[in-house]
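Have the viewer open and follow along.

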Amino acid sequence: MTEDLPAPGPLDALTDVAGIRVGHAEVPGEGALSGTTVVLAPEGGAVAAVDVRGGGPGTRETDALDPRNLVQRIDAVVLTGGSAYGLDAASGVMAWLEERGRGVQVGPHPSQVVPVVPAACLFDLGRGGDWRARPDASTGRAAVEAAAASEPGAPIPEGTVGAGTGAVAGGLKGGVGTASVRLPSGTTVAALAVVNAAGSVLDPRTGVLYGEYGAGEPPAHPAPAVHAAASRRLADVRAAREVAAKQDGPRSGTVGGARGGSAFNTTIAVVATDASLTRAQAQKLAGTAHDGLARAVRPVHLLTDGDTVFALSTDRHPLPPEPVAALNDILAAGADALTRAVVKAARAARGVEGPGGTVPSYSELYGATRDSREPLA
């Protein structure tokens, strides 16, 4: 590996990996603050793996991705709000794929398929005010249709969209972020993160996002007066949240994450590459990508998190005959891309204020101190 940091791809997004498409859908109606994001693989599917590190995960079909098991490729990954209820969004994606004959063929006719749709959920119940406003099969269908309707290599909306609609990161508004790395070999590695962490993305001493430390240049430190005002604002929001929780009592919607609380959370992500990886190599990529998450969120992988990273290989570029160095570059790039995706999610998020509580965003508190397209790690 060279000491120079690789540049981002043209979009600095997961869709820099050729063939990958992404779609978002939000739960409609008053009191709703949740949604679903679908990562759609190219025709023929993608090699896939997963690594779950959080103590409270909510997942579907992750056992199928074990390299020891039968399924070789998958057609879509679902990232969704709504806690375990929201996993129903994968049913809508599964139905859409079946209608197109995409999945594991289990009978003689091409239509006799069973789509394998791995999914992971995050906790955002009640954050819009309505505990029952959560994704279902129709939300999943809307998200996969949005992905399929997008052009190849299309930009990905970031921030308060899709699965990141109700996300909260340590008292700040969380959301969706995406980033990519183009290696000197021509291989692309990219990440999409939905940041909804029990830990913080923000260094309370400086106002710098944790993911900016260790970048190729010093992080952009907010002015002391700006940081002081932001700290006071966050303290006021926390105090108001505690008062509301005491008034509403233990049976209220404030328990477990409503009113902007963070008792239950989860950061979920997809890391993808156009390099040809085996299922075991893809699982290694999912695991090392968690290093990037640990750089950007502190603390991470707690009992109340369900931190989960999926890895996809679109199998476009073979590794060299002695692949160790090339694979190491891909592993390192996956972690770097995920770190930057978390930073971009925090910067792109919009604050919310409503019946579910007030959650300010980083940009509202600190402004745009750095271009989100600029490499950060």
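This is a predicted model: local features need pLDDT of at least 70, side-chain atom pairs count only at pLDDT 80 or more; totals for chains, interfaces and linings use all residues.

As for its dimensions, α5 covers residues 279-296, which is 18 residues. From first C-alpha to last it reaches 27 Å, close to the 26 Å expected at 1.5 Å a residue. As a reminder, an α-helix has 3.6 residues a turn, so residues three or four places apart point the same way.

Now for two single residues, side by side:

| Residue | Where it sits | Relative accessibility |
|---|---|---|
| D203 | loop between β12 (188-195) and α4 (224-248) | 1% |
| R241 | helix α4 | 17% |

D203 counts as buried because its relative accessibility is 1%, with the cut-off set at under 20%. Its side chain makes a polar contact of 2.8 Å with the side chain of R205. Leaving aside residues up to four places away in sequence, D203 touches V208, Y210, Y213 and H227.

R241 also falls under that 20% cut-off, so at 17% it counts as buried. How far apart in space are R241 and G357, C-alpha to C-alpha? The answer is 7.4 Å, although 116 residues separate R241 and G357 in sequence.

Notes:
Residues are numbered from 1 along each chain as its sequence is written. Side-chain values use heavy atoms; hydrogens and water are left out. Helices (H or I, at least four residues) and strands (E, at least two) are DSSP runs, numbered from the N terminus. Buried means under 20% relative accessible area, exposed over 50%, partly exposed in between (1.4 Å probe, protein chains only). A polar contact is a pair of N or O atoms within 3.5 Å; within protein, one must be able to donate a hydrogen and the other to accept it, and residues adjacent in sequence count only if both atoms are side-chain atoms. Contact means heavy atoms within 4.5 Å. The expected span of a helix is 1.5 Å times one less than its number of residues.
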